Amino acid sequence: MKLDANSLIRVLLTKRCLTVTKLAEMISKKTGRKMSQQNLSKKLLRGSVKYDEMLEIAEILGFEIKVDEIKDWKRG
């Protein structure tokens, strides 16, 4: 199943019973960078979450992002 960053983050928030507001607070606390609920929501809606931000969010929520090699992959 393929999800965009917005959908994936919302799934992770649901699994942790958290809101975007709480996530924004957690990001601010961990990084020292001010992140408001409004700014985070806009970033999610625009699809402008960077890969390093996605890794950070996953870690804050207690998840990791893995890259696995596809078996039988052929150069195409």
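Good morning. The protein contains four helices and zero strands, where helices (H or I, at least four residues) and strands (E, at least two) are DSSP runs numbered from the N terminus. Its elements therefore read α-α-α-α from the N terminus on.

This is a predicted model, in which local features need pLDDT of at least 70, side-chain atom pairs count only at pLDDT 80 or more, and totals for chains, interfaces and linings use all residues. Residues are numbered from 1 along each chain as its sequence is written, and side-chain values use heavy atoms, with hydrogens and water left out.

I begin with confidence. The average pLDDT (the predictor's confidence in each residue, from 0 to 100) is 93 for the protein, and 99% of the residues score at least 70. Confidence is lowest in helix 1 (residues 5-15), with a mean of 94, and highest in helix 2, with 96.

Next, the overall dimensions. Along the principal axes, the C-alpha atoms fill a box of roughly 45 × 25 × 20 Å. Of the 76 residues, 29% are buried, meaning under 20% relative accessible area, while exposed means over 50% and partly exposed lies in between (1.4 Å probe, protein chains only).

How do helix 2 and helix 3 pack? Helix 2 (residues 20-31) and helix 3 (residues 37-46) meet at an angle of about 105°, and their axes are 8 Å apart. Axes here are lines fitted to C-alpha atoms, for helices over the stretch in contact, and angles run from 0 to 180 degrees between N-to-C directions. Helix 2 is therefore roughly perpendicular to helix 3; angles of 65 to 115 degrees count as such, under 35 as roughly parallel, over 145 as roughly antiparallel and the rest as oblique. In contact (heavy atoms within 4.5 Å) are Val20, Thr21, Leu23, Ala24 and Ile27 of helix 2 with Gln37, Leu40, Ser41 and Leu44 of helix 3.

Finally, I turn to helix 4 (residues 51-60), where glutamate 53 is found. Is glutamate 53 buried or exposed? Glutamate 53 counts as buried because its relative accessibility is 13%. Apart from neighbours within four places in sequence, glutamate 53 is in contact with Lys43 and Ser48. The buried residues of helix 4 are Glu53, Met54, Glu56, Ile57, Ala58 and Ile60, and they pack against helix 1, helix 2 and helix 3. Just after helix 4, glycine 62 has a positive phi of about 85°.

Thank you for your attention.
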